[in-house]
Structures are given as C-alpha cells and as structure tokens.
Amino acid sequence: MSEPILKVRDLYRTYDIAGGLFRKATTLTAVKGVSFDVERGSTLAVVGESGCGKSTLARMLTMIDAQSSGTIEIDGLPIDISKTGISKDMRQKVQIVFQNPYGSLNPRQKIGDVLEEPLLLNTDMGAAERRDMALEMLQKVGLQPEHYGRYPHMFSGGQRQRIAIARAIMMKPKLLVLDEPVSALDLSVQAQILNLLADLQDEMGLTYVFISHDLSVVRYIADKVMVMYFGEVVEYGTRDEVFDNPQHDYTKTLFAATPRADVESIRKRLAAKAA
Amino acid sequence: MPLLEIRNLKVEFDTAKGPFKALDGIDYTVDAGEVLAIVGESGSGKSVAMLATMGLLPDSATITADKMEFEGRDLRTLSAKERRKVIGKDISMIFQEPIASLNPCFTVGFQLGETLKVHTDLNGRQRKERVLELLRAVGIPDPEGRLGAFPHQMSGGQCQRVMIAMAIACQPKLLIADEPTTALDVTIQKQILDLLVKLQQDSGMGLIMITHDMGVVAETADRVIVQYKGRKMEEADVLSLFENPQHSYTRALLSALPENATGDRLPTVSDYAEAGGFQ
C-alpha cells in the first residue's frame, strides 16, 4: 500500500473549438496541469461539479482520450496514446465503469457476451475458458449463473451496474476508474454497490479512482480526495484532512451546499423558519 | 380545510401481464403554507400519485379514490376543460429534467409568456413585464437579454429556474416539485432548494417535494410521507422522522445513508427486508 500504481504529472487537455463565420476558433483547456499519485489498493475520490474536467480526466486515464501534454504512468507503464497507440498490455491495466448502467450496456448483447467480449478481444482464451470465467464473475458480483443468457433490459438498474462492474474487472485490471457509478441508483441499491466495490477491492487488491459529486459517498469510500474546479486541482489530501479542514473556498462552498440529514441541522432550520 | 385532500388513492396500470398496482390506497393532505415531502425509491409510486392528481397519467391507468379534493373542489369529476383551468394556474408542477421539459424550439421568453396568455387577461406588454419580473424573482442574471434565449443556450440550473418561473407565473396555491434537483450539481441544488423554500414562504403556497434524497427532505420539509411499493410506510413531521423513525423501512433508508455508516459495511434495505419484511 506504499508504492503508487498511478502517477500523473502536470497533465493538460485542451480542445480546439472550431470557429465559424462570425466566431474565432478558440481552445478550451478542460484539464490544467493536474498532478497526483494513487497508491496500490487505495481509493482516490475526484470531486467537482459538471464541467470541472473530472470526466475528461477519467477519459485520459482510461485511454479513451489522449492527453495534450503531461505524463501518465500506470503500474510502471507510461501512457501516451497519441504517440504510441494502445497495446493489449495497457488495456489490461485499467478499466472503467460509467455512470448510467442503462446506456453503457448494449441492449442486443446477452450478459454472457458482454462479459466475454473483453477476453475475446484481448486474450487468446478458448470459448469454454471464457465462459467459465464469465460465470465465475457473475457469482462474484452477486448475480446468478442463469443470468448468463439474459439481455440487459431484464435487469434492474442496480443489477446492470453490477454487470458493468463485472465487465470492467474481467481483465483483472490493476486500476478501476469509476465515473459516478452510484449517482443514477436508489439509496438502498447505492449501498449495495458500494459494499460490492469494497469487497472487490479487498479481494482483488484493486485501486479505484472514484469520480463523484456526492460528498457523503466520497467520505464513506475514499482514502484520498481531490477537488477539481475549472480544470484545476484546488484541494488534494487525505479524506480526513480535506473533510475536517478544507483550505480552498470552493471546497468550503461545496461542503456548505451538501444537504445535511442529521437531527441537529433539521432543528436549526426549523428554529430559523419559526423566527 | 386542507388545500389538497386525497383519500384512499389507488392507481392501476394495465400491462400485458395483467393489472399492476402502482398505488394501493394512500391518503395525502397538504395545507396552505406547508411543505410536504414524499420520499421513496424508484417504483414506490411517489410520482404516480402526483401525476394522478394532475390528471397527467396515460389512459392505461385506472385511478380510484374515495376523495380527491383541491380547495373543496372534486378533481375526479372535473371535465378536461375545467381541469386545464386549474392545472398550470392553481396547481403547477416542476419536473426532474429541466432541459427536457422545456420546448427546444421556442425561446424562454415565449414559453413563459404562453402560460400567462392561457391563464390571465394580461396584454402583451404586461405579459412581458411579468415575465421579466419572474425571471428576476428566480435569480436569472440579465433577464432582458435572456428573453430571447433558447433552452440549449442555458445551463441545467438556469433551465430549472425558468421552469420554476413558469410554474409560479400564475401564483399557484400548490406547487408540486418532482425531483427538482436530482439532475443538478450540489451547489446548484442548494440554490434551487433555497429558491423554492423562499418562494414558498413568501407566497404561502403549499409545496409538495417528491424526492429520493433524504438530504433534500431534511433541508426543506415540514412533514414527510415515506412510501414503498405503492404503500405508505410512515408519515411524520420531519424532526420526529429523523429523530425517531417508527417504521423499519424508514430506519433502513436512513441507515443506508453513507454519512450514517457506522462499520465497514453499509446496511442495505434488503437486509432489513429479509429480516422481517415491510407490511
């Protein structure tokens, strides 16, 4: 739990916005000089509001998008897909789970095929071996073997998110990027998925980059917290440092805006209302 | 007399697999000046109840109730035409997806003016004045400049403000907000909730907040109804609900909140359901 599995240094991502007849071409910098380390087996939570660059960061870490400048190193392997392309080796290191389990599964693909596809593309395993692994994985994420031949529409939101997680860990990645994995789910289902993620982390020694805007979830799951605001990191520290003693104004605003569900603050609100 | 009084509301949907009971005999009452929160998970029927009240359910739904009165008027016997006079004027509703609930083809100013055109006798100039006043009331910067803006040119939070402006345009007596902040960031959520509560206190209207977020309940509600699978599990004022939840389902919901986590694992609602089940 000491050496960093993910090292990011001075990472930038810019997008060119095409000009039109009356508009000059401009560039938008979505991520501005982000640096951080994530230790093996730990969880880094990335917090921020929409447009702060947290999903762009996730796209770069998972090799969906190339960085404009800066370095990413995952498990000792430098990642710069615009120069070197992607090898199967790199794919095995990192996987992603998306926010919306309704959108991230192909409706025409059976669950078994969903789970086997990463193996089919990246390994030389035979069909029987792939099938065994998929069945094993279904059990691991709390689903049944009979779910193997079913289609995504036959599952609830929580079950689909379990499938998406299963697909992501089929390759036994070192690093799992979770882009708002529970924000589309009900409270009770959210609790189940968070428990599942904690179990998998213990069992497989996974490292998580957990992107979220829900501070109560972050407080529960994170070891370290990074707060982003307009593409920059404004706060980075251990969970307790950030939550107990936030330094940046934006972090303070964020905490103040989070609804509190404790009796004390309800009492305070009702008293203020009566006055 | 309560503002809205519904007794024994039942809603059934005809499906290919036979009738599905979405609501199984629930009572709702809201007084003027009161904030009622209806909480539940998806499938608990919390939205269906309010859509039934508004008359917005599809034909496949069968709605029965012993009583369904708004200001003493029976909503069940209203004709479609009479209902339209009440809906949008005395009762209005805000939906979850602000960008999807505005018409992308018309400007914000036009859509706001349309509500006024249907429900009031104001002339064009007066309507424009009122629209500007509304946009200012909901905190849109540069309202004059925004009149000609299309929904896609505004952010989610601004669209939700426009929706709220539209909903309060005719000074409704009852405002129903169906997950008004679920699609928004926490900082924007805070602004929208503060705005709704302020408008509610200034105007003394009744407000029904439909939500699955216990934090939103804690921040806004006076009284809370907890629903599960079409049934009412618990009804209490907000303080006693959080301080001393009576029903095991409410306790399950509250303990599934990550901030209430005590050990390594979060208790889930199904743990409770397996232990005893909710009846």
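## Extent of the contact

In this predicted model, chain A contributes 28 residues to the contact and chain B contributes 37 residues. About 3000 Å² is buried between chain A and chain B, and carbon and sulfur atoms give 56% of that area.

## Polar and charged pairs

Between chain A and chain B the count of salt bridges is two. In a salt bridge between the two chains, the side chain of Lys273(A) meets that of Asp222(B), with a distance of 2.7 Å from N to O. Residue pairs in polar contact between chain A and chain B number nine, where both residues of a pair are at pLDDT 80 or more.

## The side of chain A that touches chain B

Four helices of chain A each give two or more residues to the side that touches chain B, namely H7 (187–204), H8 (215–221), H10 (249–257) and H11 (263–274). The largest share of this side of chain A comes from H7(A), which supplies eight residues. By residue class, the side of chain A that touches chain B divides into 13 nonpolar, eight polar and seven charged residues.

## The annotated region of chain B

Methods
Residues numbered from 1 in each chain as written. Chains lettered and ligands numbered in written order. Predicted model: local features only at pLDDT ≥ 70, side-chain atom pairs only at ≥ 80, totals over all residues. Heavy atoms only, no water. Contact = heavy atoms within 4.5 Å. Buried area = accessible area lost by both parts, 1.4 Å probe. Salt bridge = Lys/Arg side-chain N within 4 Å of Asp/Glu carboxyl O. Polar contact = N/O pair within 3.5 Å; in protein donor to acceptor, adjacent residues only side chain to side chain. Nonpolar A, V, L, I, M, F, W, Y, C, P; charged D, E, K, R; others polar.
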